[in-house]
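Q: Could you take me through this structure, one region at a time? I would like to begin with the helices and the charged pairs, then turn to the sheets.

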Amino acid sequence: MKVRSGRTVRDLRRENRTAVLQRLYFDGPLSRFSLGPATGLSSGSVSNVVSELVAEGLVEEAGSVDSAGGRPRTLLRVSARSGYMIGVDIGETRVRVELFDLALTELARVERPLATGGPRRVDRYDVGVVVGHLREGITEVLGEAGIAPDRLLGVGIGVPGIVARTAEDGAVVHGQTIGWDAVPLERLLRESRLLPDSVPYYIDNGAKTLGQAEMWFGAGRGAQSAAVVLFGSGVGACVVGDDTGPARAVEWGHLTVRVRGRRCRCGAQGCLEAYAGAEALLQRWAEAGGRPPAGADEETALTAMLAAAYPERDAAGSGPEPDATALAVLEETAEYLGAGFSDLINLFQPERILVGGWAGLQLGRRFLDSVTAHATSYALAYPAARVRIDLGTLGPDAVTVGAAILPLADFFARGGRPEETEPVEPDPAWRAALRERSAQ
């Protein structure tokens, strides 16, 4: 049956369920009385929807609150254990798999380091090795928490590279810097028969999942627009703004910052990533005469470089002198990053630029002020005066949190009905609720 707007009764029921679920999730606990004005639904519609959701176990009672002259009103909230999500970060140093409940409480995690010895594209990014890590990690976190696979709302996966989608293979990853040329990752996971066919996979760019997490639950709360930078072995970013719709990944690391400059991992010359990515940064230190720890992984080597450039001193100011070579390379890197940030400022004019990723958090604590000064000097004065540059607040796990949000957002957009098989695009009301929550 269709109503005049062209939507079916089923569509309207789903939208009503979505409205109630998102209000309880972001603003709850709430009473039935409060849900009416909060959702714009009639008291009868609220009562019907709540009865359905309680019967299905999606909503539960959460105490009561006194009313003006009447009986106490029962408070309601989304049941945290009514569904589970897995978030995965296929990073450039490790694969991280985390299991969350509906409230995004971490229940279990597994990390598998990516080998650094030998030919990097074979050892670190072999597709079979990565898929194997995913299979083992997903099995392990489910087993550790005692959760049956069919209770998953989905598995969200953040990957380095561009994600395209085809009818035959689903999500296909084009990761030029890691040697992935049209890798049909979703099909490979489906063929492994690891999870029931009813459990969907959501695969997207890692910088985008980082951006979603920081905007909804981290340093982006309250901002209408932001550019969120993922800074690890390489460099990426995503842009979020009212005029751009949902977050979208941009290959910011492959903007040219120097004509005929250093060769980047992507094969081009002069990319920002060839100067500011952690891998390139360590290479430049070694080329300048520095001594990165032999055989150390990138995170350990970067820690050593920072310790050399910024040695600890006692209260009297005594201690070792800074390593001049390490300090010079880092100061040059700050300027390259500032120039890269100025491009984000001029192109997108965001309210905030947020820096995340394991390398970004390490480096940012040391020279974010210097990067900001360079960004301001290179950018146009008007947008530069209106942007704030900060570190992300969710730490190195933000990519997995953002990945887990992908199935959660889709589940709510379906009105909490996982049996609906066709993807449902979250409507503007869903995004508006996220914005309202972040502003609190």
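A: The answers below describe a predicted model.

Q: At what angle do H1 and H3 pack?
A: Helix H1 (residues 9–27) and helix H3 (residues 43–55) pack at an angle of about 75°, and their axes are 10 Å apart. H1 is therefore roughly perpendicular to H3.

Q: Which residues in H1 and H3 meet?
A: On the H1 side they are Arg-13, Asn-16, Arg-17, Val-20 and Leu-21. These meet Val-49, Val-50, Glu-52 and Leu-53 of H3. By type, the residues of this contact divide into 5 nonpolar, 1 polar and 3 charged.

Q: With which residue does Arg-17 form a salt bridge?
A: Its partner is Glu-56, and the closest N and O atoms of the pair are 2.8 Å apart.

Q: Which other salt bridge does Glu-56 form?
A: Glu-56 also forms a salt bridge with Arg-417, with the closest N and O atoms 3.9 Å apart. This pair links distant parts of the chain: Glu-56 is in the loop between H3 and E2, whereas Arg-417 is in the loop between helix H14 (398–413) and helix H15 (428–438), 361 residues apart.

Q: How many salt bridges does the structure hold?
A: There are 30 salt bridges in the structure. Another of them joins Glu-299 to Arg-94, the closest N and O atoms being 2.6 Å apart. Here too distant parts of the chain are linked, since Glu-299 is in helix H10 (residues 298–309) and Arg-94 in strand E5 (residues 94–101), 205 residues apart. Arg-94 is partly exposed, with a relative accessible area of 23%.

Q: Which residues are linked with Arg-94 in a network of salt bridges?
A: The network includes Asp-89, Arg-96, Glu-98, Glu-106, Arg-109, Glu-111, Glu-299 and Asp-397, together with Arg-94.

Q: Changing topic: what is the strand order in the open sheet of 5 strands?
A: The order is E6-E5-E4-E7-E11, and the pairing is mixed. At the edges are strand E6 (106–113) and strand E11 (201–205), each of which pairs on one side only. From one strand to the next, the twist averages 15°.

Q: How do E4 and E7 pair?
A: Strand E4 (residues 84–90) and strand E7 (residues 152–159) pair in the parallel sense, over 6 bridges. Within that pairing, Ile-86 has Val-155 in E7 as its bridge partner.

Q: Which helix lies across E7 and E11?
A: Helix H7 (residues 206–217) does, running at about 100° to E11. At 11% relative accessibility, Gln-212 counts as buried.

Q: What does Gln-212 touch?
A: Leaving aside residues up to four places away in sequence, Gln-212 touches Ala-247, Gly-402, Ile-405 and Leu-406. Gln-212 and Arg-248 are 36 residues apart in sequence, with a C-alpha to C-alpha distance of 9.5 Å.

Q: And what about the open sheet of 3 strands: which strands stand at the edges?
A: That sheet has the order E1-E3-E2, with antiparallel pairing. Strand E1 (30–31) and E2 each have a single partner strand, so one side of each is left without a neighbour in the sheet. E1 pairs with strand E3 (residues 73–78) over 2 bridges in the antiparallel sense, and Leu-30 has Leu-76 in E3 as its bridge partner.

Q: Last topic, E15: how many of its residues are buried?
A: In strand E15 (residues 352–356), 5 of the 5 residues are buried, so the strand is largely enclosed by the rest of the structure. Both faces are covered, with Arg-352, Leu-354 and Gly-356 on one side and Ile-353 and Val-355 on the other. In a regular strand, side chains alternate between the two faces of the sheet.

Q: Which strands pair with E15?
A: Strand E12 (residues 225–231) pairs with E15 in the parallel sense over 5 bridges, and Leu-230 stands opposite Gly-356. Strand E16 (residues 388–391) also runs parallel to E15, joined by 4 bridges. There, the bridge partner of Val-355 is Leu-391 in E16.

Key
Residues are numbered from 1 along each chain as its sequence is written. This is a predicted model: local features need pLDDT of at least 70, side-chain atom pairs count only at pLDDT 80 or more; totals for chains, interfaces and linings use all residues. Side-chain values use heavy atoms; hydrogens and water are left out. Axes are lines fitted to C-alpha atoms, for helices over the stretch in contact, and angles run from 0 to 180 degrees between N-to-C directions. Angles under 35 degrees count as roughly parallel, over 145 as roughly antiparallel, 65 to 115 as roughly perpendicular and the rest as oblique. Contact means heavy atoms within 4.5 Å. Ala, Val, Leu, Ile, Met, Phe, Trp, Tyr, Cys and Pro count as nonpolar, Asp, Glu, Lys and Arg as charged, and the others, Gly among them, as polar. A salt bridge is a side-chain nitrogen of Lys or Arg within 4 Å of a carboxyl oxygen of Asp or Glu. Buried means under 20% relative accessible area, exposed over 50%, partly exposed in between (1.4 Å probe, protein chains only). Two strands pair if DSSP finds at least two bridges between them.
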